[in-house]
Amino acid sequence: QVRLVESGGDSVQSGGSLRLSCAVSGYTFSPPCMGWFRQAPGKEREGVATIYTTNANALYTNYVDSVKGRFTISRDNAWETVFLQMDSLEPEDTAMYYCAAAKYGTREPSCRPESGDFTSWGQGTQVNVSS
């Protein structure tokens, strides 16, 4: 059974940092394209960051403009955990954060925060940033 389990959400003050983790299990082969998304109350879900890993372990990352330079997505060498390091947090970053896996066959050019290829989702972890 495919499972994506997020952790690391918390309440922090503006300017603070958090590191979110997503434990990936249940796959015979871990999906090469993973992403982090978020949804604030009253707003649509938006893609935050994506990471594509090739068979040679080359990494391709992409970010939504609002988090560029502040957030970093990464994954461990065993492809079992995906991380989102969030620095310089702002109140506008307050949201439920979700980890997601794209369907097999998603290639690097399509592994983007705006892609509709993400089909497996975690339950989410809440991030609150106060001013």
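A residue counts as buried when its relative accessible area is under 20%, as exposed when the value is over 50%, and as partly exposed in between. The model discussed here is predicted. Across the whole structure, a search finds seven salt bridges.

**Arg38 and Glu46**
- A salt bridge joins the side chains of Arg38 and Glu46, with an N to O distance of 2.6 Å.
- Arg38 has a relative accessible area of 5%, and because buried means under 20%, Arg38 is buried.
- Glu46 is partly exposed, at 29% relative accessibility.

**Lys68 and Asp65**
- The side chains of Lys68 and Asp65 also form a salt bridge, at 3.0 Å from N to O.
- Asp65 is exposed, with a relative accessibility of 60%.

**Glu90 and Arg70**
- Glu90 and Arg70 form a salt bridge in which the closest N and O atoms are 3.9 Å apart.
- Glu90 lies in the loop between β8 (81-86) and β9 (95-102), while Arg70 lies in the loop between β6 (59-63) and β7 (71-75), so the pair ties together parts that are 20 residues apart in sequence.
- Glu90 has a relative accessible area of 33% and is therefore partly exposed.
- Arg70, at 11% relative accessibility, is buried.

Notes:
Residues numbered from 1 in each chain as written. Predicted model: local features only at pLDDT ≥ 70, side-chain atom pairs only at ≥ 80, totals over all residues. Heavy atoms only, no water. Salt bridge = Lys/Arg side-chain N within 4 Å of Asp/Glu carboxyl O. Buried < 20%, exposed > 50% of the residue type's maximum accessible area, 1.4 Å probe, protein only. Helix = DSSP H or I, 4+ residues; strand = E, 2+ residues; numbered from the N terminus.
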